[in-house]
Amino acid sequence: LVARVYESKAEFRSALQHEKEGYTIYKNQLGEHHEKTKESSEYLKYLTQQAVALQRTMNEIYKNGSNANIMPLKATATREAEGPCPQGRGSPSMATVLEQLNIINGILFIPLSQKDLENLKAEVQRRQQQQES
């Protein structure tokens, strides 16, 4: 999450540093093949690509001044709807960011399917009926 904030400010060195720390934690605690570890690894690749693109742009500006052919950096604001790092690109999904925010704030995040919600609703209704009897 900290890496994402730095990325949004185009501070890719800081973003990479923080994401590397996160990756190390995921790898040590969850293993190399865990979804979180893989997502973090893909995000590191993405951040590296963005940092290289930014450096190339800066070099082009220094070299050619106002006549530089500047390619835009990929925006991450559009990534949320795409899910977790499609084809190994992009920043963490919105679900991942929300999960991290929930962990930071001490809230337990439990994803429920539509069937789980229906079962929960039925159970609540059953218990309410038992209490009324």
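What pattern does the chain follow when read along the sequence? In this predicted model, it runs α-α-α-α-α. That makes for 5 helices and 0 strands.

On to the chain as a whole. Of its 133 residues, 24% are buried. The chain exposes about 9700 Å², and carbon and sulfur atoms supply 54% of that area. Looking at contacts with a separation of 6 or more, 52% join residues 24 or more positions apart.

Next comes the interior. In soluble globular proteins, nonpolar side chains tend to be buried together. Here, the largest nonpolar core has 9 residues: Ala3, Phe12, Ala15, Leu16, Tyr23, Tyr43, Leu44, Tyr46 and Leu47. Helices α2 and α3 (35–64) each put at least two residues into this core, with α2 covering residues 12–30.

Glu19 is buried, yet no salt bridge goes with it. Which side chain of opposite charge is nearest to Glu19, and how far away is it? The answer is Arg4, 9.6 Å away; a salt bridge would need the charged atoms within 4 Å. So what does Glu19 touch, leaving aside residues up to four places away in sequence? The list is Ala3, Ser40, Tyr43, Leu44 and Leu47. Among these contacts, Ala3, Tyr43, Leu44 and Leu47 also belong to the largest nonpolar core. In short, Glu19 is a buried acidic residue without a salt bridge, and it touches members of that core.

How values were computed
Residues are numbered from 1 along each chain as its sequence is written. This is a predicted model: local features need pLDDT of at least 70, side-chain atom pairs count only at pLDDT 80 or more; totals for chains, interfaces and linings use all residues. Side-chain values use heavy atoms; hydrogens and water are left out. Helices (H or I, at least four residues) and strands (E, at least two) are DSSP runs, numbered from the N terminus. Buried means under 20% relative accessible area, exposed over 50%, partly exposed in between (1.4 Å probe, protein chains only). Lys and Arg count as positive and Asp and Glu as negative; His and the chain ends are not counted. Contact means heavy atoms within 4.5 Å. Accessible areas come from the Shrake-Rupley method with a 1.4 Å probe; for residues, only the protein chains shown count as cover. A nonpolar core is a set of buried Ala, Val, Leu, Ile, Met, Phe, Trp, Tyr and Cys residues joined through side-chain atoms within 4.5 Å.
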